[in-house]
Amino acid sequence: SSFPAVLTCKAAVAWGPGQPLVIEEVEVSPPQPMEIRVKVVSTSLCRSDLSAWETQAIFPRIFGHEASGVVESVGPGVTEFSEGDHVLTLFTGECKTCRHCTSGKSNMCQVLGLERKGVMHSDQKTRFSIKGKPIYHYCAVSSFSEYTVVHSGCAVKVSLAVPLEKICLLSCGVAAGLGAAWNVADISEGSTVVIYGLGTVGLSVAQGAKVRGASKIIGVDINPEKSEIAKTFGITHFVNPKECSESIQQVINRITDGGADYAFECIGDTGMITTALQSCCQGWGLTVTLGVPKVNPELTAHYGILLSGRTLRGSLFGGWKPKSDLPSLVDMYTKKEIQIDEYITHNISFEDINQAFTLMKEGKCLRCVIHL
Ligand code: APR
Ligand code: ZN
């Protein structure tokens, strides 16, 4: 086939922090060496897109990092993908050759890890422009566009038989939560779990804990509307801090006879990390952080919390090696061993993408899937 050319398509461009996205005609470069150009089919809105849109300084920009699509063309050197392949995009990639990728201990690829400057990993440039003026990327994915260019190490091939409009959630939130429960915490049967924040991330930790046979799965959220839906993902006890007369850690310590075996921070509020640590037990209590704070990223905690044997562990993307491990999660979904559809509370057309931002800001959704 002939070498791919620049194409124009519609993209939802953020022109400044907190400003509603505008659907614009953008030019999309052909894929460069080892890159692929993807026709985005579905993309869901994650809290991290919203936080970055509200607080970061890189604009104009195309957000979106939880997505599925079809390969439209491949750049020089790409042998792993061809036109028509179905893919999930990866906001943190896997080169399979660096020290981390070959360590067997880490998913923090040194070559294709989280990209923070709004450009492509390989040449620090953008693949989007409007009348020649660069439009920046987000996490080297930028799925709020009909077409996007990603590194071939930042996509994973999936079977043509799985519904792209559902499995896009495995590209970030649902996989991150399941991985935190299974890979990072490795929750054991009969144990007690407390989860701070019952969005898609927290409720995916809950699903993971339920699969492992946790005896108590306590969900903490300030939104009372989360109480009912949380039960369907395995939450056995719902705690609303606004309705407690004692501290949250006192409540958790009482329910769990001295602290949970595992605590998970799925809000993105570093202040809650101390609370999470105080609500897991001495000796072996483990707190896992998944949230991405938008303000006050520093942690403070009394050293005695750790001296008494607790552990604090961070994780990105639930510890999954994205290319190597995601196919097994897609398989589990096909065999109905994991739930994904239940997190999709809204389906939104591309023109109405700003509605997804409003719903998430107001705490009215789990995942909005945007159909391109
Ligand atoms: N105490 C308890 N719950 C809170 C608090 C608080 N102080 N503040 C917010 N919450 C709850 C919200 O009510 C909401 O139900 O945390 C939940 C967060 O869910 P979402 O906004 O849907 O976010 P989600 O996509 O699940 O992501 C959670 O993980 O990947 C990161 O950037 C992401 O930091 C974010 C976190
Ligand atoms: Zn690597």
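View 1. A search of the whole structure for disulfides finds zero, a disulfide being a pair of cysteine sulfur atoms within 2.5 Å. The structure is a predicted model, in which local features need pLDDT of at least 70 and side-chain atom pairs count only at pLDDT 80 or more, whereas totals for chains, interfaces and linings use all residues. Residues are numbered from 1 along each chain as its sequence is written, chains are lettered from A and ligands numbered from 1 in the order in which they are written, and side-chain values use heavy atoms, with hydrogens and water left out.

**View 2. The site of the zinc ion (ligand 2).** Cys 95, Cys 98, Cys 101 and Cys 109 coordinate the zinc ion (ligand 2) through their SG atoms at 2.3 to 2.4 Å; donors are N, O and S atoms within 2.8 Å of the metal (3.2 Å for Na, K and Ca), and water is not among the atoms, so sites may look incomplete. The angles among the four donor atoms are 104 to 121°, and the site is tetrahedral, a label given to four donors if all angles lie between 85 and 135 degrees. In sequence, the donor residues follow the spacing C-x2-C-x2-C-x7-C. Cys 98 and Cys 109 both lie in the loop between strand 5 (86–89) and strand 6 (128–130), so the pair ties together parts that are eleven residues apart in sequence; strands (E, at least two residues) and helices (H or I, at least four) are DSSP runs, numbered from the N terminus. Both Cys 98 and Cys 109 are buried.

View 3. The strands are ordered 12-11-10-13-14-15 with parallel pairing, where two strands pair if DSSP finds at least two bridges between them. Strand 12 (237–239) and strand 15 (311–314) are the edge strands, each pairing on one side only. Strand 10 (residues 192–196) and strand 13 (residues 262–265) pair over four bridges in the parallel sense, and Tyr 196 stands opposite Glu 265 in strand 13.

Note on methods:
Four donors count as tetrahedral if all angles lie between 85 and 135 degrees; four count as square planar and six as octahedral if opposite donors are over 155 degrees apart and all others between 65 and 115; anything else is irregular. Buried means under 20% relative accessible area, exposed over 50%, partly exposed in between (1.4 Å probe, protein chains only).
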